[in-house]
Amino acid sequence: MSTLTHDGSLDATPTGVEAAARARLSAGLAFAVVSAISFGMSGALARGLVETGWSPGAMTLTRVGLAAVALTPFGVASLRGRWAVLRRNLGLLLAYGAIAVAGAQFCYFSAVQHMQVGPAILIEFTAPAAVVLYLWLRRGQRPGRMTLAGAALAAVGLVLVLDLISGADLSVPGVLWALGAMVGCATYFIISADEDNGLPPLALAWGGLVAGTLVLGVLGVSGVLPLRASTVTPSYAGTQVSWWVPLVVLGLFTAALAYVAGIAAGRRLGSRLASFVALLEVVASVCWAWLLLDELPTTVQLMGGLLILAGVVAVKLGEKSVAAR
């Protein structure tokens, strides 16, 4: 059975390595913040491209493909000639690329076609609750009361984000796409935190991006995935930019950098804590949407977002009480 870093109890940390554990935690949190800020920009950039005629499939393929090319020399170097490790994990890389990379991003970009960036990312980031449930059912890591309280807060927050109380009109396709992105996001956290596969973080990020590019390419060539591109000039924050600028930023900043930093964070924090800390991406997404698109969720939706983010604190407090069945 594979193990996920720091998803078990932290009480048994030997005194002699407490300083190293604190340094590992600090580095993990720093990587998580970088990943959240960079990932968070993708929704606002994608929304601008959607309005000029780009399809979610074309944006996702371009973004993932550019990131795969950019990380190729670094991913190959990180393997240090251990190609057997790569061959042994081909199935894992295919699943990671298809679900956690291509699937999550395609669903998210499809969601922002039908709804604002803020609510879409808030729905996607109910993923930490799915991670907790998976670790409980699959690995017997029963969550503590504080962890369950965090999940409950996230559930209440989701109700407010969807504005169900006031009876507001919902974009059903948008919500369904966002929930699909949530499944991909949860898969990303679980696989990224698994150190037993022997893949260095750079190799996992690169391999997943290559696999995601191949999956999207096959679907696009076969006609299953619509690929529509445009050279119309998009506008952000009232300023028009060349059509290729947001694509380059999507590939290098919101994908290549974001995936490497996210995997590095997951290896140091564990899938449970990393998934909740990554809720900072919600804050980043809302801020980027406000700055670049002048989009801002309603007051009720913002209150729901704060409740979802409160799960970060609850899970952190409950991290030490996790008990393996």
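Guide: We begin with helices, which are DSSP runs of H or I with at least four residues, while strands are runs of E with at least two, both numbered from the N terminus. Trp 244 is found in helix 10. The model is a predicted one, in which local features need pLDDT of at least 70, side-chain atom pairs count only at pLDDT 80 or more, and totals for chains, interfaces and linings use all residues. Residues are numbered from 1 along each chain as its sequence is written, and side-chain values use heavy atoms, with hydrogens and water left out.

Visitor: Is Trp 244 buried, partly exposed or exposed?

Guide: Buried means under 20% relative accessible area, exposed means over 50%, and partly exposed lies in between (1.4 Å probe, protein chains only). Trp 244 has 46% relative accessibility and therefore counts as partly exposed.

Visitor: Which residues form a nonpolar patch on the surface?

Guide: Patches are made of residues with over 30% relative accessible area and no salt bridge; nonpolar side chains (Val, Leu, Ile, Met, Phe, Trp, Tyr) are joined within 5 Å, and like charges within 9 Å. Areas come from the Shrake-Rupley method with a 1.4 Å probe, and for residues only the protein chains shown count as cover. Here the patch consists of Leu 66, Trp 243, Trp 244, Val 248 and Leu 252, which together have about 440 Å² of accessible area. Helix 10, residues 244–269, gives the most to this patch, with three residues.

Visitor: How many salt bridges are counted?

Guide: A salt bridge is a side-chain nitrogen of Lys or Arg within 4 Å of a carboxyl oxygen of Asp or Glu. The count by this rule is two. In one, the side chains of Arg 47 and Glu 51 meet at 3.7 Å, N to O. Arg 47 is buried because its relative accessibility is 16%, whereas Glu 51 is exposed at 59%. Arg 47 also forms a salt bridge with Glu 295, with the closest N and O atoms 3.2 Å apart. Glu 295 lies in the loop between helix 12 (280–293) and helix 13 (299–318) and Arg 47 in helix 1 (residues 18–50), so this pair ties together parts that are 248 residues apart in sequence. Glu 295 is buried, at 11% relative accessibility.

Visitor: How many disulfides does the structure hold?

Guide: A disulfide is a covalent bond between the sulfur atoms of two cysteines. The criterion is a pair of cysteine sulfur atoms within 2.5 Å. The structure holds zero disulfides. Cys 107 is buried at 14% relative accessibility, and Cys 185 is buried at 4%.
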